[in-house]
Amino acid sequence: MSWPDVTVVDACVRRDGRGGSPTAVADDDPGATDAERRAVAAAAGASHAAFLGPERMPDGGWPVRFFTAAAELSGCGHGTVAAQAVRLVRTALDELNDRQHTGGRTFDTVAIRRPTGIEVWFDQGLVALRDPAPDERAAIVAALGLTADGLHPTDEPRIAAPGTPRMLVPVRDRAALLGVQPDFGRLAAACRRFGLLGCFVYVPPVDDRPGAARMFAPAIGVDEDVANANSTGCLAAHLLDTTGARTVAIEVEQGDALGRPSSVLASARRGPAGITTRVGGLAVVRDGHRGRD
């Protein structure tokens with residue numbers, strides 16, 4: 001089928017409105033197949049597509065589903081930024097406080113009109129952290145083409161799971177980050193073997209300078225993601241866990257290697273149940289948006 005009324009949103013743009021991750025947003029069609037949903041992102045020139053459900057769930061959350069060309073995702077951070085930006089654009093409001101239901105979880109969202117776009121924040125929820133097993137670490141680091149010289153001298157890889165686990169891999173500096181050249185076939189096989197969404201390779205923030213990162217997820221059909229908001233939330237949780245701080249707030253720049261600069265904000269705090277995070281980004285809804293009022 002030819003999907004009507006697809007809006008493309010540049011999610012997680014830099015503060016000046018540049019770049020961002022192109023994300024297709026459309027109203028869901030209950031008669032469509034998942035194969036048809038998977039085709040929407042590529043047809044729109046995007047890596048991901050978000051589908052907005054027609055009515056609220058019993059718990060008050062608006063259903064949103066996310067697809068790449070390869071599979072449905074249990075969650076998508078920059079896709080949530082894009083979806084909530086479109087929902088705000090469809091109203092006359094300056095701020096929309098609401099709830100979203102994705103992957104069996106309902107969480108709070110807020111979208112706010114700003115001069116350079118729409119600022120969106122969402123509650124990521126609990127993030128579980130663990131050290132990778134030696135064979136996990138070795139397989140992922142090798143597939144990324146990293147050597148001991150390229151890895152960060154004091155930070156260590158972690159597995160972080162806000163739902164779907166991924167490996168956080170710290171490198172020495174931005175030059176090492178830009179030089180990462182994964183073997184995507186080998187990386188996809190390793191991620192499938194260990195049940196990982198992908199790898200978030202990063203340089204930690206230092207003082208007032210943002211961190212930098214690249215997200216590789218060939219196992220779900222995305223060799224490199226322009227922006228991965230959920231992984232930025234995972235990084236905030238990891239930094240809080242390893243520093244012993246009560247709260248952490250970070251900014252991470254992504255997309256430079258792809259010529260699509262992006263930026264994601266995240267904060268983490270420790271509570272009775274564990275570490276919870278909040279993730280945000282600025283979105284620009286492209287001209288030509290159509291859809292329900």
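Predicted model: local features only at pLDDT ≥ 70, side-chain atom pairs only at ≥ 80, totals over all residues.
Visitor: How many aromatic pairs does a search of the whole structure find?
Guide: The search finds 4 aromatic pairs. One of them is formed by Phe-51 and Phe-67.

Visitor: Why is the pair of Phe-51 and Phe-67 called edge-to-face?
Guide: The angle between their planes is 80 degrees. Planes over 60 degrees apart count as edge-to-face, so the name applies. The centres are 5.7 Å apart, and the limit for a pair is 6.5 Å.

Visitor: Where in the chain do Phe-51 and Phe-67 lie?
Guide: Phe-51 is in strand β3 (residues 48-52) and Phe-67 in strand β4 (residues 62-67). They are 16 residues apart, and the pair links distant parts of the chain.

Visitor: What makes Phe-51 count as buried?
Guide: Its relative accessibility is 1%, and buried means under 20%, so Phe-51 qualifies. Phe-67 also counts as buried, because its relative accessibility is 1%.

Visitor: Why is the pair of Phe-107 and Phe-122 called tilted?
Guide: Here the planes make an angle of 55 degrees. Stacked needs under 30 degrees and edge-to-face over 60, and the rest count as tilted, so this pair is tilted. Its centres are 6.0 Å apart.

Visitor: Which strands does that pair link?
Guide: Phe-107 belongs to strand β7 (residues 105-114) and Phe-122 to strand β8 (residues 117-126), 15 residues apart. Both Phe-107 and Phe-122 are buried.

Visitor: Let us turn to Glu-136 in helix α3. How do you know that Glu-136 counts as buried?
Guide: Its relative accessibility is 5%. Helix α3 itself covers residues 134-144.

Visitor: Which residues lie nearest the centre of the largest pocket?
Guide: They are Ser-74, Gly-75, Cys-76, Thr-164 and Asn-230, among 27 lining residues. The pocket holds about 450 Å³ of space. Elements giving two or more residues to the lining include α2 (77-89), β7 and β8.

Visitor: How do the lining residues divide by type?
Guide: There are 11 nonpolar, 12 polar and 4 charged residues. Gly counts as polar and Cys as nonpolar.

Technical notes:
Residues numbered from 1 in each chain as written. Heavy atoms only, no water. Helix = DSSP H or I, 4+ residues; strand = E, 2+ residues; numbered from the N terminus. Buried < 20%, exposed > 50% of the residue type's maximum accessible area, 1.4 Å probe, protein only. 1 Å grid on protein atoms, 1.4 Å probe; cavity = no way out; pocket = protein on both sides within 12 Å on 5 of 7 lines; lining within 4 Å. Points joined across faces, edges and corners; volume = space filled by probe spheres on them.
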